[in-house]
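Dear colleague,

Here is the structure I said I would pass on. My notes follow below it.

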Amino acid sequence: MPGRTKKDEPTAQDTNMEDAPPSAQPEAEEVDTEDQEEVQEEEEIEPQRVRILPGSTDTAASFEFVDEGHTVGNALRYIIMKNPDVEFCAYSIPHPSEPKMNLRIQTYDGLAVDALKKGLADLQDICDVVTDEFTTKKDQFNAEHGIVR
Amino acid sequence: MAPSTKAQWAQPPSKEELERRNTVNINKETVTNTVSTDFPGHFPGEDHAFSIDRFQSGFDITFHQNDQFHASFSLVGIDASLANAFRRILIAEIPTLAIENVFITNNTSVIQDEVLAHRLGLIPFKGGREGLRNFLRFKKGEDAQDYDTVQLDLNVTCTVNTDASPNETDPLKAYHNAHVYAKDITFTPQGRQEQYFSGEDAIVPVNPDILIAKMRPRQTIELSMYMNLGVGSDHSKFSPVATASYRLMPTIKITKPIIGADAQKFANCFPEGVIGLEKVSKKEAGQRGSGYEGHAGELKAVVVDPMRDTVSRECLRHEEFEGKVQLGRRRDHFIFSVESTGQWDSDELFLEAVKKLKQKCKKLEDQVDNMVR
């Protein structure tokens, strides 16, 4: 069905606890000498800016985004609400002096995280469509009016 | 189970119904039907699920104007939340180069150091595109590098013009450098900046005639400035746009005929070119129930160009038009106006904003993948 949340394939085998990383973050390469660490710092490791708030379940979760605001919040809320598997979606900025944005997703069916992922993917698709349309219409207009830049 | 499972009895919404849903009503004292309803589950039996093909087929852009520093275009078939995201990114998240630090060695003019520094910060600059977009980076740490800091200088002293007549009262003629303008700022390329910012691509003020200070003989300003990349959310001097705004497309629906002197009065309620006057044709006058019976040859009001309307609601104040006109705005038609300060071209700016939103989503997608669950 179009527009439905993509479901993650269930993982086939169990992971040995020793092998399991504490997070799904790619494991840092094993370089621990101090001067090499400085070089790594320059390469900009993005700090984790998204987390699930406590009290969340699989189908009803709240996410906290650091350093995001209404720009992404409202766009994401709209696109997630367009997902038929989603029962409820809303965002809020709890306090204006904290750079945080909270997003609540409750689903009928499927994981809340998957709805969030689909929302982010759909927004990127929209951006591509808008860029293509804008470029063609701009070129067309420029050709018609003899605008050369 | 999701309630959007298609019911067999559902009728697809009629054209009129779709138009009704897409119109924000503007009444005499109120606005109604202001909220988007295009969500799954809102209307029983209708499928409003997002699909990129559906979005693509409903989406359209029309250009109205595309000057270098002022572009105007319509986005049709997009939700306010997305149009607003583009607008917000245009204002606050596209990086530009502006003066960040001013080192004042000498300032004997009447304008105070901190006021002068603030004025300098607000001057928009332009320069080589390649250098600004790809070479320069955000400044991190204390040390200045050629790829993150641009140096400018301003050294002017006001002197008496000995050639001028002793009775000259115009300071611009009686003195040299009585006015300090943006064009007096000099740029010194550092390191690799030579490659990117030389000749036509030099870092210069967009408008050379911005007045910075006024001086009198023996007053002097001697300072150096350091420019960095920044974003508008930090300080509006970094905003690449003077204005980036949208308005919704106005709609005017004449529901009952407005004829004769009333038609002229009606047209006067709107900006020029919005309402036109046409003669009532014989055919219309002959039609029963049209409201034009027996008015053949008289003038009637017709909507010519609703885009030029400012939605002043003037026409709703007059009794004679009561019940004859319905004003509104199209919910999904955004008329954008992007005015650049000069560092970017306006059309380029919008594309950059779309790119930026995509980038943000991509980054968040990775963040969600890395999230500890």
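Glu68(A) and Lys360(B) form a salt bridge, with their closest N and O atoms 3.4 Å apart. Please keep in mind that this is a predicted model. Polar contacts between chain B and chain A come to 20 residue pairs, both residues being at pLDDT 80 or more.

On the chain B side, four elements each supply at least two residues that touch chain A: helix H2 (52–58), strand E3 (60–66), helix H3 (80–92) and helix H10 (346–370). H10(B) gives the most, with 16 residues. By type, the residues on this side of chain B divide into 27 nonpolar, 10 polar and 16 charged.

The contact as a whole takes 57 residues from chain A and 53 residues from chain B. The size of an interface is often given as the accessible area lost when the parts come together. For chain B and chain A the buried area is about 5300 Å², and carbon and sulfur atoms give 67% of that. Within chain B, the residues that lose the most area to chain A are Phe50(B), Leu364(B) and Gln367(B), which together account for 14% of what that side buries.

Next, the sheet in chain B. Four strands make an open sheet, in the order E5-E14-E7-E11, with antiparallel pairing. Strand E5 (96–107) and strand E11 (186–188) of chain B each have a single partner strand because they stand at the edges, so one side of each is left without a neighbour in the sheet. On average, neighbouring strands of this sheet are turned by 25 degrees against each other, direction ignored.

E11(B) is joined to strand E7 (residues 150–157) of chain B by three bridges, and the two run antiparallel. In this pairing Asp153(B) stands opposite Thr186(B), which is in E11(B). Helix H4 (residues 113–121) of chain B lies across E5, E7 and strand E14 (220–230), and runs at about 150 degrees to E5(B).

Chain A also has paired strands worth looking at. Strand E4 (residues 100–107) of chain A pairs with strand E2 (residues 60–66) of chain A in the antiparallel sense, over seven bridges. Here Val66(A) stands opposite Lys100(A) in E4(A). Strand E3 (residues 86–92) of chain A is joined to E4(A) by six bridges, again antiparallel. In that pairing, Phe88(A) stands opposite Gln106(A) of E4(A).

Regards

Key: Residues are numbered from 1 along each chain as its sequence is written. Chains are lettered from A and ligands numbered from 1 in the order in which they are written. This is a predicted model: local features need pLDDT of at least 70, side-chain atom pairs count only at pLDDT 80 or more; totals for chains, interfaces and linings use all residues. Side-chain values use heavy atoms; hydrogens and water are left out. Two strands pair if DSSP finds at least two bridges between them. Axes are lines fitted to C-alpha atoms, for helices over the stretch in contact, and angles run from 0 to 180 degrees between N-to-C directions. Contact means heavy atoms within 4.5 Å. Buried area is the accessible area (1.4 Å probe) that two parts lose on being put together, summed over both. A salt bridge is a side-chain nitrogen of Lys or Arg within 4 Å of a carboxyl oxygen of Asp or Glu. A polar contact is a pair of N or O atoms within 3.5 Å; within protein, one must be able to donate a hydrogen and the other to accept it, and residues adjacent in sequence count only if both atoms are side-chain atoms. Ala, Val, Leu, Ile, Met, Phe, Trp, Tyr, Cys and Pro count as nonpolar, Asp, Glu, Lys and Arg as charged, and the others, Gly among them, as polar.
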